[in-house]
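Keep the coordinates open while reading.

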Amino acid sequence: MGISGWLRRRGRKEEKETSSLGTDAVQKQEEPEETPAASKESGDVKQDSPRGLFARLKEGLSRTRSSFVARVDSLLSTHKRIDEELFEELEEVLIQADVGVDTTLRLVDAVREKIKAGGITDPEEVRPILRETILEILTANTAPLELPEDVPAVIMVVGVNGAGKTTTIAKLAHRFKSQGKRVILGAADTFRAAAIEQLEIWANRVGVEIVKHQPGADPAAVAFDTIQAGRARGCDVVIIDTAGRLQTKTNLMKELEKIGRVVERELQGRTPEVLLVVDATTGQNALSQAKLFSEAVSVTGVVLTKLDGTAKGGIIIAIAEELGLPVKLIGIGEAYDDLRDFDPEDFVAALFDA
Amino acid sequence: MAVFSSLAEKLQNTLGKLRGRGKLTEQDVKEALREVRLALLEADVNYKVVRDFTARVRERAVGQEVMTSLAPAHQVIKIVHEELTQLMGGSQSKLELASQPPTIIMLVGLQGAGKTTSGAKLARLLHKQGHRPLLVAADVYRPAAIKQLQVLGEQLQLPVFTLGDQVSPVDIAKAAVEHSKRYGNDILILDTAGRLHIDEELMGELRAIDEAVSPHQVLLVVDAMTGQDAVNVASSFNENLDIDGIILTKLDGDARGGAALSIKAVTGKPIKFAATSEKLDGLESFHPDRMASRILGMGDVLTLIERAEAQIDEDKAREMADKLRRADFTFEDFLEQLEQVRNMGPLDQLLDMLPGVPGMKGLRGLQVDERQFGQIEAIIKSMTVEERLRPEIIDGSRKRRIANGSGTKVQDVNRLLKQFNQTRQMLRQLGALDKKAKRRKRARPFSFFQ
């Protein structure tokens, strides 16, 4: 009933609302010293910074935090008591954060029940409860990226066009390499113009090996060759790049299925790590992506990129809540070490703590 | 699962209910609009835009206009459609070219929105219209971005201007303008680096290019899958660069495209182009009215007709229609029609544009396997001319020969023959009907859809 009540109420509130569109997130942000992508030689990814993980995470999420928390705060401070109107406005805030209608409804219902059960009357206490509820959802659906005992570990990176697959691969390769592992990349995006060159540049920068074919070659064959080469050269990690594809293109998804089959056959019963890269600015379509990619290949986790660029990031909550697919990594900036293990505690803390 | 159904489906459900009733009460409108609201929110339309939109529709719908009209349900649908169209920018907005060439078009946008690909598609489109576009590689940051543009330029056989990645984008842009004057390129398309909109430094660089060469058109490239943030992206680029229009990309996926609805409402800038395919010919003018029709499940009939007109020779079509009426439709004709339809674009896109199809449960997500077309074509081409004209002479031994010739099995040949006979049967009946209906119906040249 929440949303319908909320929808009804909108009618009355329309004249009252004064905030103009688009301005809330455009407010000037303090420039983080680590302004991304400015230096030519490093392109999208900058060199590592020694600063603390927590500080960087907070910094990366500052936009998300400021707009989201500011709204929750202003919402709570304008209410003297906990009433339906408060819940409805909470729903509004969540929907605007891309959490999605369904997840929002369940989230707010859960908060409502807790408040009822706890006999809470102070609006100030709603925030920790919302935080706790989001944390519960995220914690239930988290799994770190762990490499299997058997080498080589195989990681397939999939996703729609422009999600940030190649950059994610560069960061992953850098991470494993600095752990002393031998890494090989497979340039199985044989479709997009210059995709192979792009991956090759990254391989050179990071200092890892690469297997490539001609543009237009069978991507499954590239995957096969990469695993073979990885084995022969004693690599620890094989990372396979795939072409970006919209999840509704049946033929392209079949091609992906084939790559998946070839990889699985090569692993003889071991399951590859299949990471779905999702752009955090994506709205509800991310759910469709997660669902349809999972149908083609067994996706084992989600990488959320560009989380520093969006004002929201609520889609993380929707993906965890609706699909139970673990969020494994998040991209919060353009430096190599800005690809982080997803830690729900840190995420929610950075989201809520000023 | 409700979450994944499209906006078109949602609105069709909602408005379908309205369609079934005679008169509308205020309560009816309210209930319908609540579902419209929900559908729009699930489609990622910005929250505030949704609010304004439904308010406007309610205002118009619950007035006398509807209550006294004869078919109130249709009236509401019309209003929703009109308001949707209005929201997306009213009438179609064309690219404005400079009175004094070269026209400079600058493409800007977030990382991964599709700037480079859109640039190439735009160049192709303009080239087709008789222009001499020059693609300018001004993204010096993303690895292989220049190479990507060069490869695309090669595919299109269009020139790409680059100074490598060690020169500042501002200097590249300036040099490109000089180059275009010398080589007679009347349109420059600047492919700039992608950025996150909070990135002041690169935004500053864009402003510098803007000041240095003063582009006639600054186009913002936006991913149709963008969520609530689309309005922030659009307004922050607009504030910095005073954009002239939008290119909406990745519309061929199942994104419900709420971004399209939001952006115009927020920036006041029109959506000029829509990218509807990965292929380089997949850039079309954005027609707000057609998009609204599509969203409402009315089918994008206009686009379909336009494409059909471009592909089908009208005399031939008339000849074909005559043949159909006389029922001497042969495999030769079949092949010809097949090719015409194929030339119109991917079949699943065509299906999407037909009224009612996007809402049909069984047909949603259905993708026609284009390879089957290839098979049919191969089978027909393996027939002798006589066999094509008189399929009834095809016996067992001929079938084996045709199957061998086309690399198929006898069963495939049988299946095609059976389908063909059924089609012919049906056409015969239609032909008989058509004669009777001739006076009432306007003769349509495009027989495939008759």
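The points below go by topic, from sheet to rings to loop.

The model is predicted. In chain B, eight strands form an open sheet with mixed pairing. A search of the whole structure finds two aromatic pairs over all chains.

**Sheet of chain B**

- The strand order is β3-β2-β4-β1-β5-β6-β7-β8 in chain B.
- The edges of this sheet are β3 (160-161) and β8 (283-285) of chain B. Each has a single partner strand, so one side of each is left without a neighbour in the sheet.
- Strands of a sheet pair through backbone hydrogen bonds, in either a parallel or an antiparallel sense.
- Strand β1 (residues 103-109) of chain B runs parallel to strand β5 (residues 217-223) of chain B, and five bridges join them. Within this pairing, V108(B) faces L220(B) of β5(B).

**Strand β7 of chain B**

- Strand β7 (residues 271-275) of chain B is mostly covered, with five of its five residues buried.
- On one side, strand β6 (residues 245-249) of chain B pairs with β7(B) in the parallel sense over three bridges. Here I246(B) stands opposite I271(B).
- β8(B) also pairs with β7(B), in the antiparallel sense and over three bridges. In β8(B), L283(B) is the bridge partner of A275(B).

**Strand β7 of chain A**

- β7(A) is mostly covered: five of its five residues are buried.
- Strand β6 (residues 301-305) of chain A and β7(A) are parallel, with three bridges between them. V303(A) has L329(A) as its bridge partner in β7(A).
- β7(A) and β8(A) run antiparallel and are joined by three bridges. G331(A) stands opposite L339(A) of β8(A).

**Aromatic pairs**

- Two aromatic pairs turn up over all chains.
- W202(A) and Y336(A) form an edge-to-face pair, at 6.5 Å centre to centre and 70° between the planes. This pair links distant parts of the chain, 134 residues apart. W202(A) belongs to helix α8 (residues 195-206) of chain A, and Y336(A) to the loop between β7 (327-331) and β8 (339-341) of chain A. Both W202(A) and Y336(A) are buried.
- F331(B) and F420(B) form a stacked pair, at 4.0 Å centre to centre and 20° between the planes. This pair also links distant parts of the chain: F331(B) is in helix α15 (residues 331-343) of chain B and F420(B) in helix α20 (residues 410-437) of chain B, 89 residues apart. Both F331(B) and F420(B) are buried.

**Charges over rings**

- The charged end of R205(A) sits over the ring of W202(A), 4.7 Å from its centre.
- R112(A) lies over the face of F87(A), at 4.6 Å from the ring centre.

**Loop residue A143(A)**

- A143(A) is in the loop between α6 (126-140) and β1 (153-159) of chain A.
- Is A143(A) buried or partly exposed? A143(A) is partly exposed because its relative accessible area is 23%, while buried means under 20%.
- Leaving out residues up to four places away in sequence, A143(A) touches P326(A), V327(A) and K328(A).
- A143(A) and I332(A) are 189 residues apart in sequence and 18 Å apart in space, C-alpha to C-alpha.

Definitions and conventions. Residues are numbered from 1 along each chain as its sequence is written. Chains are lettered from A and ligands numbered from 1 in the order in which they are written. This is a predicted model: local features need pLDDT of at least 70, side-chain atom pairs count only at pLDDT 80 or more; totals for chains, interfaces and linings use all residues. Side-chain values use heavy atoms; hydrogens and water are left out. Helices (H or I, at least four residues) and strands (E, at least two) are DSSP runs, numbered from the N terminus. Buried means under 20% relative accessible area, exposed over 50%, partly exposed in between (1.4 Å probe, protein chains only). Contact means heavy atoms within 4.5 Å. Two strands pair if DSSP finds at least two bridges between them. Rings of Phe, Tyr and Trp (its six-membered ring) pair if their centres lie within 6.5 Å; planes under 30 degrees apart count as stacked, over 60 as edge-to-face and the rest as tilted. A charge sits over a ring if NZ of Lys or CZ of Arg is within 6 Å of the ring centre and within 35 degrees of the ring normal.
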